[in-house]
Amino acid sequence: MMKRPSYFSLYEIALLSLFGALVFVLRTAIVIPIHTPGSSGIFWVLPLVVGAALVRKPGAGTYAGLVSGLLASFFGIEPLHVFDIFKYTAMGVTIDLVSMAFGYRLDNPVVGFVAGAAGNVVKMVVNYAVHLLLGVQGVFILLGIGVSSATHIIFGGIGGIIAALIVGRLYRAGIVHQDDVPDDG
Amino acid sequence: MVLQRRVLLAVAVLAAVIAVSFLIDTTVSQAYARESGSADSILQTTTVDRYDLRYGPQSWRPYATPLAIGPGDLPSGNWYLAFVDPGVVPVGGNPALARTGSVKVDYQFTDLAGTASFSVYGLHAGDGRAWTNRQSGYGTSGYYVSGTAAPGDSPRWTTPLEAGDRYVVEVAGSPRPVDEDVARDTRTLWFERINSGLDGIHITTDLAARKGQVTETTALNGSFYVTYTGGNRVGDLFLMVAVDRPQPESFRLTLESTFVESNR
């Protein structure tokens, strides 16, 4: 009987799992004391964008986002606990969609900005939606959404630019090739 | 060229998201957000009588979990509560970037029966989340005044608050409960979660001790400060005055509040 090849190779699964874990580690270890909503997005989007750029397969960002969401919910680092899975996964899904729309040109800082900003702002929207579902009054959530969406886009975008510069450097150094065919692990 | 068009489209979508968010924010702010506190050094005077004590009898005060009113950790006693808007807010943050300062409150009781407890509640500007002074553990602050007047009749107009994480409270001085046709002046206090919102706002008698302390006194005239050690903007400030006895008809509390700028 022929063994059906898995969608992600073992190497890719290991890489994406590490990037997913890195999101959680960065979120926990680094606190930016500027009290601005979305500022931690700089670190959140970075491993997801780099992971999607290196694996270059639809679903790579989603997989890494799901891993980070599972870790965040199990460790309970945020008040939403198990519902954190949704916002981390949504961020990964968004980065996947943006990557596909731009043909995985994630070494381009502008594309990196768009991917990071979109991922971070979708995370914010999903976070608000979960709060609404849990019964928090809409007015409390919607007040301040203007500044919050702008800062999420800016900080997510900065994270995306940094990720694009890292990916570009990896391409230029020859460590990763843009036309690499992933091995079978 | 295709990439450029897609980038322009994506940037336009992100800009539209920001524009729509600001539109929603402005609409909701105009409909719901009321901020009455100012940081001007103008003296604001408020008078409280027995009819302003609209909540109780109850042993606790609002927070994500009930907090004690009297000195100590555990809720006890039968207290009657009033929420007073002093009209002034403390300002925290970086003194190089903002005119930071505290609120000085001068109080004067007339015919106080039993013990009066002062607590403070601050509302985040914009979103309604609330802070209050810590009731137990490190950083506890509070102010208690004891009086010797004879208690009055039990008030018939008070009702206990319902425990939860959101409280809609009437502000003292707004139309009295008898004026059913007139809209009450209410504010919503919302506590996001337990252990959050307890370390921003404090009561102190010494501005050098900004985190405050617990003061118990028999002086019917005196003063204390409300300090804020967080970095957010306080939109509204409320003093919760609670008394553990029904007050006589002659009971009065006069509060004079003013903004005191921090020394730079």
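Two strands pair if DSSP finds at least two bridges between them. In this predicted model, strand 6 and strand 16 of chain B pair in the antiparallel sense, with 10 bridges.

**Strand 6 of chain B**
- Strand 6 spans residues 101–110 and is mostly covered, with seven of its 10 residues buried.
- One of its partners is strand 16, residues 252–261.
- There, Val105(B) has Ser257(B) as its bridge partner.
- Strand 6 also pairs with strand 14, residues 221–228, in the antiparallel sense over six bridges.
- In that strand, Asn221(B) stands opposite Gln108(B).

**Strand 15 of chain B**
- Strand 15 covers residues 234–243, and nine of its 10 residues are buried.
- Strand 5, residues 79–84, pairs with strand 15 in the antiparallel sense through five bridges.
- Val243(B) in strand 15 stands opposite Tyr80(B).
- Strand 7, residues 113–124, runs antiparallel to strand 15, and nine bridges join them.
- Leu237(B) in strand 15 faces Gly122(B) as its opposite residue.

**Helix 1 of chain A**
- Helix 1 runs over residues 10–29, which makes 20 residues.
- From first C-alpha to last, helix 1 reaches 28 Å, close to the 28 Å expected at 1.5 Å a residue.
- Its buried residues include Leu15(A), Leu16(A), Phe19(A), Val23(A) and Arg27(A).
- An α-helix has 3.6 residues a turn, so residues three or four places apart point the same way.
- The buried residues of helix 1 pack against helix 2 (41–55) and helix 3 (60–75) of chain A.

Note on methods: Residues numbered from 1 in each chain as written. Chains lettered and ligands numbered in written order. Predicted model: local features only at pLDDT ≥ 70, side-chain atom pairs only at ≥ 80, totals over all residues. Buried ≥ 20, exposed ≤ 12 C-beta atoms within 10 Å, placed from the backbone. Helix = DSSP H or I, 4+ residues; strand = E, 2+ residues; numbered from the N terminus. Expected span 1.5 Å × (residues − 1). Contact = placed C-beta atoms within 7 Å.
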